Amino acid sequence: MTRRLLIHAAFASAVLALTAHAHAADKYPDKPITLIVPFAPGGNLDIVGRALAAGLGTALGGTAIVENRAGAGGAVGASFVARAKPDGYTLMVSTPNALVVSPLIAKTTYELDNFAPIGTISTTPLTIVVGAKSPFTTIQALLAAVRAKPGKLSVGHSGNGTTNHVALLQLESDAKLDFNIVPYKGSGPALTDLMGGQLDLVVDQLTSSANFIRAGSLRALAVMSAKRDPGLPDVPTLREAGVTNFDASTIAGLFAPAGTPPAVVDALNAAIHKALADPATAKSLLAIGSPAQTSTTAEWTARLKHEQATAQALSKAGLLRGE
């Protein structure tokens with residue numbers, strides 16, 4: 001009899017817990033959502049996050065507030081989110097690299113399994129940019145200078161473990177180049193130093209560079225994607241410069257802490273689709289060079305597992321390092 005009562009009690013507790021989760025999801029959100037961007041203001045993920053925030057809040061019938069927590073290639077912000085309460089009120093806009101590469105090149109307090117993937121937001125081509133007064137006017141001239149003076153030309157990126165960092169290492173490997181690599185806490189600070197003459201070039205997302213390119217403060221020498229970008233039709237690809245089969249771009253997605261109720265994850269994924277279906281939001285992302293790209297949670301999870309396997313293979317081959 002006692003055992004039967006215990007079984008019934010345990011079953012009742014489980015039902016109550018599930019009911020509580022369901023009710024929590026029904027009234028979600030009932031307070032502002034904090035959208036963590038693990039990089040400094042002005043960079044690609046900051047711009048994408050702010051473009052998403054307004055639409056996400058509207059789609060959920062609430063408010064989403066962007067908060068920057070920069071440092072260590074996204075690891076500072078990611079660590080904060082990994083420790084957050086899994087209730088759907090602390091989320092993160094990030095690339096796969098901050099979650100699958102950073103743990104391989106530095107000591108982090110998290111790994112991919114500490115997060116609940118929600119869905120993708122957008123994709124952004126990477127570009128190689130120089131200052132307006134740079135002596136380099138073509139990508140061919142830049143590559144020739146790097147080969148002539150190995151380790152001399154300084155290149156900035158948005159942080160160790162980021163897509164920019166990995167793309168730069170891939171470029172060094174594929175084209176047999178040697179740069180003086182300088183990591184930053186986001187694209188914004190790197191671009192500031194580039195325009196101030198402290199760097200020779202920067203590998204950056206088009207989102208954070210586009211306005212400076214249009215204003216004439218920066219010059220784009222090449223895009224790192226397989227095809228030319230419609231927003232920069234006159235800028236060649238690295239493939240056109242002789243770096244065969246090169247293709248690098250940044251995919252941004254939304255994450256929650258592991259353990260977030262599935263109903264909340266589903267609600268957030270639906271909200272992303274609704275937000276990005278809004279013509280104004282989609283147009284704003286396209287205008288900054290980061291066209292919207294939605295996915296199911298399962299598709300995003302599969303993409304992350306693929307990126308994780310790729311990063312582990314690069315690490316095993318000794319190609320990942322933290323400058």
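## Asn-164 in helix H7

Asn-164 sits in helix H7, which spans residues 163-175; helices here are DSSP runs of H or I with at least four residues, strands are runs of E with at least two, and both are numbered from the N terminus. With a relative accessibility of 1%, Asn-164 counts as buried (buried means under 20% relative accessible area, exposed over 50%, and partly exposed in between, with a 1.4 Å probe and protein chains only). Once neighbours within four places in sequence are set aside, Asn-164 is in contact with Leu-126, His-157, Ser-158, Ser-187, Val-203, Asp-204, Gln-205 and Thr-250; contact means heavy atoms within 4.5 Å.

A word on the model itself: it is predicted, so local features need pLDDT of at least 70 and side-chain atom pairs count only at pLDDT 80 or more, while totals for chains, interfaces and linings use all residues. Residues are numbered from 1 along each chain as its sequence is written, and side-chain values use heavy atoms, with hydrogens and water left out.

## The chain as a whole

Stepping back, the chain has 12 helices and nine strands. Its radius of gyration is 21 Å, close to the 20 Å that the globule rule gives for 323 residues, so the chain is as compact as a globular protein of that length. The radius is taken over C-alpha atoms, and the rule is 2.2 Å times the number of residues to the power 0.38. Along the principal axes, the C-alpha atoms fill a box of roughly 85 × 45 × 30 Å.

Buried residues make up 50% of the 323 residues. Among contacts between residues at least 6 apart in sequence, 77% join residues at least 24 apart. As for charge, the chain has 26 positive and 22 negative side chains, and the centres of the two sets lie 3 Å apart. Lys and Arg count as positive and Asp and Glu as negative, with His and the chain ends not counted; each charge is placed at NZ of Lys, CZ of Arg, CG of Asp or CD of Glu.

## An aromatic cluster

Tyr-110, Phe-115, Phe-255 and Trp-300 form one aromatic cluster. Rings of Phe, Tyr and Trp (its six-membered ring) pair if their centres lie within 6.5 Å; planes under 30 degrees apart count as stacked, over 60 as edge-to-face and the rest as tilted. By this rule there are four aromatic pairs. One of them joins Tyr-110 and Phe-115 edge-to-face, at 5.6 Å centre to centre and 85° between the planes.

Tyr-110 is buried at 4% relative accessible area, and Phe-115 is buried at 5%. Phe-115 also pairs with Phe-255: the ring centres are 6.3 Å apart and the planes stand at 75°, so this pair is edge-to-face. Phe-115 belongs to strand S4 (residues 115-131) and Phe-255 to strand S9, so the pair ties together parts that are 140 residues apart in sequence. Phe-255 itself is buried, at 0% relative accessibility.

## Helix H9 and what covers it

In helix H9 (residues 206-215), the residues Leu-206, Thr-207, Ser-208, Ser-209, Ala-210 and Ile-213 are buried. Their cover includes helix H2 (44-60), S4, helix H8 (187-195), strand S7 (201-205) and S8. Just after H9, Gly-216 takes a positive phi of about 90°.

## The loop between S8 and S9

Thr-237 is found in the loop between strand S8 (218-223) and strand S9 (249-257). Thr-237 is buried, at 3% relative accessibility. Beyond its neighbours within four places in sequence, Thr-237 is in contact with Val-223, Ser-225, Ala-226, Lys-227 and Arg-228.

Asn-245 lies in the loop between S8 and S9, but its 64% relative accessibility counts as exposed.

## Backbone points to check on screen

Most residues other than glycine have a negative phi, and most peptide bonds are trans. Asn-245 has a positive phi near 60°. Lys-176, which is not a glycine, has a positive phi of about 55°; Lys-176 is found in the loop between H7 and strand S6 (180-183) and is exposed, at 67% relative accessible area.

The peptide bond from Tyr-28 to Pro-29 is cis, with omega near -10°. Pro-29 lies in the loop between helix H1 (2-26) and strand S1 (33-37).
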